[in-house]
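Please have the model open beside you as you read.

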Amino acid sequence: MRFIGDVHGDFARYEQLIGETGQSVQIGDLGLGYGTVSADGTVMRTEPPFDAMKRAGNHRFIRGNQDDPDLCRQSVLWIADGTVEGDVFYCGGAETARRQNRIEGVNWWPDEELTDAEFAAVHEKYHDAKPALMVTHDCPVSVGAEIFAAHNIDKPVAVTRTRKSLEAMWTGHAPQVWIFGHWHLPFDRQIGGTRFICLDILQTIDL
């Protein structure tokens, strides 16, 4: 299985990556429905190559904070938050930094993160499943601090609802491997019994 980091609308490169393998999961910020506003006020939205994804094999995605949640729910290629497949668990979403610079419904969505109640349900499924592999868009708070330290970034990690919830899930059960994106910083380290792998933009790993 190939895992692919944030795409952010670079669908030409993304198509190359899925063309090299028969099965993949893109780990959020594919760019589904993400909009930019032109000088005349026209909103231009990105549309992933769904036909190519189906034609090339089994290529799916989880939800990032730069994917329209409603459009994700309408796609048969989206892996819903809290999905369990064998020993793999999936959960998307994250909080957008500098939301004040975004436009609601164009490049930011109020439901980009799960609610506390939704996370509680996901946490219960995770506890029951005890997966060997966790696939998310963001990561636990403490792992974010490790990423910053590894890249000599001297600033605090924002404590978001998603990061706190993922931290609680990890505290309750440590999977063997945890793959995520969102940070745009490559990272691969064993922490507390779990190998955490942060994929940079369009970085891949085959497991």
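Arg-99 is partly exposed, with a relative accessible area of 35%; that term covers the range between buried (under 20%) and exposed (over 50%), using a 1.4 Å probe and protein chains only. Its partner in a salt bridge is Glu-95, itself partly exposed at 26%. A salt bridge here is a side-chain nitrogen of Lys or Arg within 4 Å of a carboxyl oxygen of Asp or Glu.

This is a predicted model, in which local features need pLDDT of at least 70 and side-chain atom pairs pLDDT 80 or more, while totals for chains, interfaces and linings use all residues. Residues are numbered from 1 along each chain as its sequence is written, and side-chain values use heavy atoms, without hydrogens and water.

The structure holds 11 salt bridges, including these:

| Pair | N to O distance |
|---|---|
| Arg-2 and Glu-20 | 2.8 Å |
| Arg-99 and Glu-95 | 3.2 Å |
| Arg-189 and Glu-146 | 3.4 Å |

The pair Arg-189 and Glu-146 links distant parts of the chain, strand S10 (residues 187-191) and helix H5 (residues 141-150), 43 residues apart. Both ends are partly exposed, Arg-189 at 36% and Glu-146 at 30%.

Now to helix H6, residues 161-172. Helices (H or I, at least four residues) and strands (E, at least two) are DSSP runs, numbered from the N terminus. The 12 residues of H6 reach 17 Å from first C-alpha to last, close to the expected 16 Å, a span given by 1.5 Å times one less than the number of residues. Among the buried residues of H6 are Leu-166, Met-169 and Trp-170.
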